[in-house]
Amino acid sequence: MDTRPNQLIQWLIRTLPAASTFLLQRGSGLYATAILIKLAQVNPFAIDRGRMTAGPAIRLLGPVIGVIDDQEIDLGTPRQQAIMVMLATRSRRVVTMTQLVEGLWGDCPPPTAEQSVYTYIAGLRRACEPDRRRREPSKVVVGASGGYVLHVDPSQVDACVFAELLDTARQAVQDHDLDRALGVLDQALALWTGPALSGVPGPFAEGERARLEELHLIALETRADALLQLGRPQETVADLQNLTRRHPLRERSLELLMLALHGCGRQAEALTVFEEARRTLSDELGAMPGEGLRQAHHLVLSGGGEQPGQEHLAPRQLPRDVAGFIGRAKETIRLRSLLDPWDDDPPHPFAAISGPPGVGKSALARHVAHMVRHRFPDGQMYVNLRGGTPNVPRLSSHEIFSRLLRSIGTPDSAIPTDEDEAAALWRSKVQDRRLLVLLDNAADLAQVRPFLSMPLGTAIVVTSRESLVAGDDCVQVSLDPLSDAEARTMLAKLVGAGRISADLDQSTRLVRLCDGFPLALRIAGARLADRPDWTVGALATRLTDERNRLQELETGELAVRSSLAASWNALNGSARVVDGMAARMLALLGVLHVPDITAEAAAVLSESSPVEAERALERLRDAHLLEGSERGRYHLHDLVRLFAGELTAVEERTAPLIRVLGYYAASARSAVKISDPNRVLSTHPRVEALSRRFESAEEAYAWLATEEPTLLAAAVQAMADPDDDVARLGAAIGLALWWYQQKSYRIADLISLGRRLLLTADRLKDEVIAMEAHVHVSTGLYYMGDVDAALRHQEEHLRLAQRLNDQFNVQRAHGNLANLYIRLEKFHDVLDQASAQRVIARQISSDVGERYAQLMLGIAYEGLGQLKDAVVALETGAAMAQRAGDAMHQASFGWTLGKVLIELGEPDAALSVLTDALEASLASKTKSTEAGCLVYLARAHRLLGQTGEAKRRIAEAVVLAERTGSAFWLNVATEERQAIGLAWRSINV
């Protein structure tokens with residue numbers, strides 16, 4: 001039998017905890033996968049084995065560079081590097097455009113900030129994927145809703161690896177595994193090649209640079225501390241002297257230097273360090289040395305050999321640390337900084353850990369408490385307050401005081417029966433003690449408020465499903481679900497790495513079905529452990545059925561449903577009015593399956609006022625049954641949504657659903673009409689509901705942009721509902737979105753939504769919905785470049801319009817057919833269809849139809865080489881559009897006319913027309929016309945010899961085409977960019 005893989009694995013485990021980084025960059029095949037899985041059992045790295053990318057490694061701990069196949073790659077200008085820093089430090093997470101702009105320019109971005117970001121993103125894509133084909137989408141820097149995601153594993157970012165290694169080393173110190181701690185720290189410090197983020201500008205980089213430098217100092221101090229504990233002070237004196245010279249006010253470094261000098265028998269030098277530190281602290285800060293420095297001074301004076309801070313006999317009540325604790329690096333660092341300040345200040349008096357049921361609050365609290373227990377030599381105490389335990393009464397404040405007093409040796413007979421007197425006795429007993437008190441599972445702030453006024457030196461850590469941020473001196477850490485990588489690693493520890501690695505795709509599917517909640521993952525892991533014959537995919541398939549998912553997530557006394565029920569029952573059984581409102585609101589939110597909801601929509605759903613709805617939503621947010629954002633939007637995690645869906649009887653769901661769907665349909669129609677009054681929108685099916693009020697076109701468009709994901713989800717849910725009235729409202733929402741999606745270039749949504757509309761029309765036997773749906777599908781297919789398929793749908797649209805004698809849609813269909821024939825270069829057919837449209841449009845007095853026909857005629861003449869006729873037709877149409885105030889048509893006529901003028905050899909005239917057209921295009925927010933304006937502006941500048949301006953415009957066009965996914969405009973823009981490049985080179989020869 002070949003034993004080499006096992007030997008290699010064992011060697012890696014013993015010597016290179018950071019080997020995961022190496023393997024992610026270079027490893028492949030079965031051996032590498034096996035090593036990574038094995039490493040995940042002993043390493044804190046959350047190795048995302050299911051998503052290894054071919055992207056670069058990113059170095060931030062020095063100059064910002066990328067590395068592909070051992071070769072450094074240039075990540076561009078300092079500002080482009082700053083964009084990479086923001087993406088890399090949040091790899092695998094969406095970084096919004098707002099965050100990128102603010103992180104680069106702060107509160108005063110230039111007007112061109114977003115366009116500059118697009119340019120930087122394009123530059124990063126070229127740098128990170130030099131072999132990517134011209135039209136191939138990026139797999140590393142990927143556009144996402146509202147921003148971008150860097151698809152690089154955190155273990156390929158040196159700053160992330162460094163933080164993980166530092167955390168591992170500090171834990172090893174706590175566990176007295178000092179040799180391992182030194183090995184890990186040496187690996188971590190070897191990652192540094194200079195000051196972090198060298199030369200990178202912007203507020204985000206400044207803050208991140210400070211954070212990384214602080215971690216660097218902690219690593220150096222932790223290494224020195226480990227050497228001192230191993231009795232090797234001579235190995236750290238020089239490093240500490242250099243460190244204190246650079247940071248003369250950093251007391252922890254000074255303390256370690258004193259102890260190192262003392263350990264080497266250099267007491268006089270150690271005392272000199274103290275005196276210089278005392279003088280510097282007094283002169284610079286007006287402060288005296290802290291406790292750590294004073295203890296070191298006393299130790300040197302007494303000639304003792306023990307380290308400061310020895311523990312005394314005291315209560316040690318902490319439940320054991322969670323074996324193989326996973327993730328939560330950011331939260332752990334935050335809590336440790338509060339409870340174990342680096343400068344030896346007293347610990348923060350009150351830290352709260354909040355989050356939804358099953359998210360791992362207690363596990364994190366216990367983990368951090370064990371890490372900092374050395375700071376509390378007088379005892380570590382623990383009380384389960386039973387605030388979220390089903391069917392068990394929560395502890396009263398007096399019961400808690402009694403337990404704590406008994407823990408520090410107070411006999412029962414000496415504990416007062418009065419709560420206030422017990423509180424006073426507790427405060428007197430803990431005076432001048434250094435105690436850590438972990439109060440687990442608090443029902444609310446009222447339950448723990450009597451314990452918060454503690455003397456300095458005592459720290460209270462509280463976990464609760466409720467927000468406790470209103471408590472005095474409270475610093476609250478809120479927990480979100482685990483990332484995919486962390487969740488997979490947790491499962492690997494529960495059921496064995498082999499089963500998880502056997503099918504990584506199914507493992508990822510399973511952790512997502514568990515919503516990243518540790519409780520759900522523990523249950524899933526227990527079920528797999530109990531059933532060794534099950535594959536991970538088998539359990540994932542069982543969880544896919546939403547009707548049974550909560551039932552599947554039960555084992556023994558553990559159940560996701562009962563954990564969520566405890567929180568909901570507490571609200572539903574409360575005497576407070578707002579709690580009852582919140583309980584009812586959660587039940588109604590389970591009826592509607594959308595990504596998020598506003599207070600206004602929730603008010604319609606619950607038949608309450610927006611103020612009442614917001615109070616209920618905020619109460620659910622405080623109870624961590626709902627998440628909110630600064631933009632006033634709220635959403636449920638999937639498992640909470642499934643639980644909420646069980647709270648309303650089937651027969652009671654239709655009425656609230658119809659209310660909110662009607663609101664969405666009416667508001668979408670109103671928003672489209674107000675944002676662009678020249679667009680004609682279908683009023684079928686009929687909607688009897690009040691719309692949201694919009695004060696301006698800008699507000700209406702912004703509402704559509706924000707609500708589009710919610711509107712799409714609501715339409716899809718409604719069209720799948722068995723109730724015909726609900727399905728019709730879903731169709732109404734879907735049809736209302738056509739103009740917004742068409743102008744915004746939402747290709748995939750146009751096609752998928754259109755096909756759902758066709759299915760709904762067939763089910764309802766509604767030919768009007770079908771007629772409109774064919775336009776949806778045809779438009780999407782046209783943008784995709786599948787003109788033949790688009791033509792079939794458009795011909796069906798014409799057939800249904802003629803059958804229904806809908807003359808507006810008949811002329812509309814002729815115009816759309818003309819546009820499709822342009823792409824097929826059948827310009828005589830374009831003339832026929834455009835002429836037919838113009839005749840009918842004039843008969844029914846459809847100005848918008850007549851304008852569109854005029855546009856098609858102009859393009860047809862251009863295609864036939866009749867350029868003078870094209871100019872006449874386009875100028876006539878442009879004047880019509882200007883009189884109507886139709887910015888979208890003005891832009892269409894403008895870029896087309898500009899193109900014709902260029903062909904006539906009049907680039908000067910074209911430049912003026914195209915500049916106006918671009919302004920109109922931006923005003924109408926139509927991406928296809930914007931792309932056309934940019935391409936032909938670039939061409940006009942090139943022909944006028946203005947190659948610098950041409951390069952700027954074509955870069956904007958390429959970015960826009962890539963962002964919208966327009967293969968047509970990307971091809972045209974790329975050809976023009978090549979022509980500009982040739983012109984540029986000829987000028988500079």
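## Strands and how they pair

Two strands count as paired if DSSP finds at least two bridges between them. Keep that in mind as you look at this predicted model.

Start with strand β2, residues 65-68. Its hairpin with β3 has two residues between the strands, and D69 takes a positive phi near 50° there. Strand β3 covers residues 71-73 and runs antiparallel to β2, with three bridges joining the two.

Look for R59, which stands opposite I65 in β2. The hairpin of β1 and β2 has five residues between the strands, and here G62 takes a positive phi near 145°.

## Which way do the β2 residues point?

In a regular strand, side chains alternate between the two faces of the sheet. In β2, I65 and V67 point one way, while G66 and I68 point the other way. Are these residues buried or exposed? All of them are buried.

Now move on to helix α4 (residues 78-88) and helix α6 (residues 113-128). Their axes come within 9 Å and cross at roughly 80°. Angles of 65 to 115 degrees count as roughly perpendicular, so that is how α4 and α6 sit relative to each other.

Who's touching whom? From α4 come R79, Q80, I83, M84 and L87, and they meet α6 residues including V117, Y120, I121 and L124. By class, this contact has eight nonpolar, three polar and one charged residues.

Notes
Residues numbered from 1 in each chain as written. Predicted model: local features only at pLDDT ≥ 70, side-chain atom pairs only at ≥ 80, totals over all residues. Heavy atoms only, no water. Buried < 20%, exposed > 50% of the residue type's maximum accessible area, 1.4 Å probe, protein only. Helix = DSSP H or I, 4+ residues; strand = E, 2+ residues; numbered from the N terminus. Axes fitted to C-alpha atoms, helices over the stretch in contact; angles between N-to-C directions. Parallel < 35°, antiparallel > 145°, perpendicular 65-115°, else oblique. Contact = heavy atoms within 4.5 Å. Nonpolar A, V, L, I, M, F, W, Y, C, P; charged D, E, K, R; others polar.
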